[in-house]
Amino acid sequence: MAKTREIKKRIKAVGNIRRITKTMQMIATSKFARAQAAATATKPYTEGLFELVTELAVNGGGEVTHPLITGPDRQAAGAKDVTLVLTSDRGLCGPYNGSVLRKAMGHFRASPEARAGLIELVGKKGIAFLKYNKMVVTATHQFGDKPQYEKIEKLAQRYIDRFTAGEITSVRVIYMKFLSAGRQAPEILQLLPLKPSASGSVAINPAEQPANQAEAAVAARKGVSYEFSPAAPELLGDLLPAVIKATLFQVFNDAVVSEHVARMIAMKAATDNAGKMRKLFTRDYNRARQAAITTELGEIIAGAAALG
């Protein structure tokens, strides 16, 4: 009986865990749907701004010169690289944080300038990891599950002001890029400075240089002459900060969507495993109960035979 009582307690505990993981899976699914809608809604704006910048870069006449592209005229003494790492505030999201932090450590090992530079962190889950690896975090940020554009804009503007003043040499963001509901990949994005690609367009991430529709459209219209009002350099000066802010906001939206997807998948796996474990415990309980009944019947029959 002691064994059956123990198994019954385990069945009850596993059932409670399954209910919790099922609830967390449903919450993550609901949050994922809202976050995906928000991330999808901001992409046309970001892509539209990027296309306008590429148009100006190619057809504005002359070389593209702007402090956000070429860097400031003078660098301050002791200027360093800035690396912004995006992690989650809560756990139970599978390999999400581990993948981002491994990508960050690979970047720091490959780039001594980044390791010796300024490391800023979003989320609580990366603090202990970076501390264990003896990485000094210079600043932490908290934006929650619903990043607001106003707060992201202030962060981007601070990077822009420090970069144009020569206080920092570059800004890179390490985050989980959302590709689809079944695929997310950690990525290193260079936010500042913006680098012109070989075709003359401005590339947000020079490490990839994808042949996207905006670049193809610009390349097809290279021979077309445009008149800009106001002048192209003035338009570029207004659009480049907007591109940086929109891109950083899109990065945060992608990270939030990826976190919810990872938690949804992890909680579904935990729920399925709890269901399988409950079935195994139920089978063991039935076997133990049947063995106990068989033993009791054998004892009764043996006692009756001894009396008779």
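## Inside the chain

Visitor: How much space lies in the largest cavity?

Guide: A cavity is a set of points on a 1 Å grid over the protein atoms alone where a 1.4 Å probe fits but cannot get out. Its volume is the space filled by probe spheres set on the points, which are joined across faces, edges and corners. The largest cavity holds about 170 Å³.

Visitor: What kind of model is this, and how are residues numbered?

Guide: This is a predicted model, in which local features need pLDDT of at least 70 and side-chain atom pairs count only at pLDDT 80 or more, while totals for chains, interfaces and linings use all residues. Side-chain values use heavy atoms, without hydrogens and water, and residues are numbered along each chain as its sequence is written, from 1.

Visitor: Which element gives the most residues to the lining of the largest cavity?

Guide: Lining residues have an atom within 4 Å of a point. There are 16 of them around the largest cavity, and T87, V122, G144, V256 and E259 lie nearest its centre. Helices (H or I, at least four residues) and strands (E, at least two) are DSSP runs numbered from the N terminus. With four residues, the most given by any element, the contributor is α8.

Visitor: Is N253 buried or exposed?

Guide: N253 is found in helix α8. Leaving aside neighbours within four places in sequence, N253 is in contact with A38, A39, T42 and P147. Its relative accessible area is 7%, so N253 is buried.

Visitor: Which strands stand at the edges of the sheet?

Guide: Two strands pair if DSSP finds at least two bridges between them. The five strands form an open sheet with mixed pairing, in the order β3-β2-β1-β4-β5. A strand with a single partner has one side left without a neighbour in the sheet, so the edges are β3 (137-141) and β5 (183-192).

Visitor: Which residue of β3 stands opposite V122?

Guide: Strand β2 (residues 118-122) pairs with β3 in the parallel sense, over four bridges. Opposite V122 stands H141.

Visitor: Which strands does helix α6 touch where it packs on the sheet?

Guide: Helix α3 (residues 96-110) packs on the sheet and touches β1 (80-86), β2, β4 (168-180) and β5. Helix α6 covers residues 149-164 and also packs on the sheet, where it touches β1, β2, β3, β4 and β5.

Visitor: Which helix supplies the largest share of the lining of the second largest pocket?

Guide: A pocket is an open set of grid points with protein on both sides within 12 Å along at least five of seven lines. Six of the lining residues come from α1.

Visitor: Which residue is joined to P193 by a cis peptide bond?

Guide: Most peptide bonds are trans. P193 lies in the loop between β5 and β6 (195-196). The cis bond, with omega about -5°, joins P193 to L192.

Visitor: What is the phi of L92?

Guide: Most residues other than glycine have a negative phi. L92 is found in the loop between β1 and α3, and its relative accessibility of 52% makes it exposed. Although L92 is not a glycine, its phi is positive, about 55°.

Conventions: Contact means heavy atoms within 4.5 Å. Axes are lines fitted to C-alpha atoms, for helices over the stretch in contact, and angles run from 0 to 180 degrees between N-to-C directions. Buried means under 20% relative accessible area, exposed over 50%, partly exposed in between (1.4 Å probe, protein chains only).
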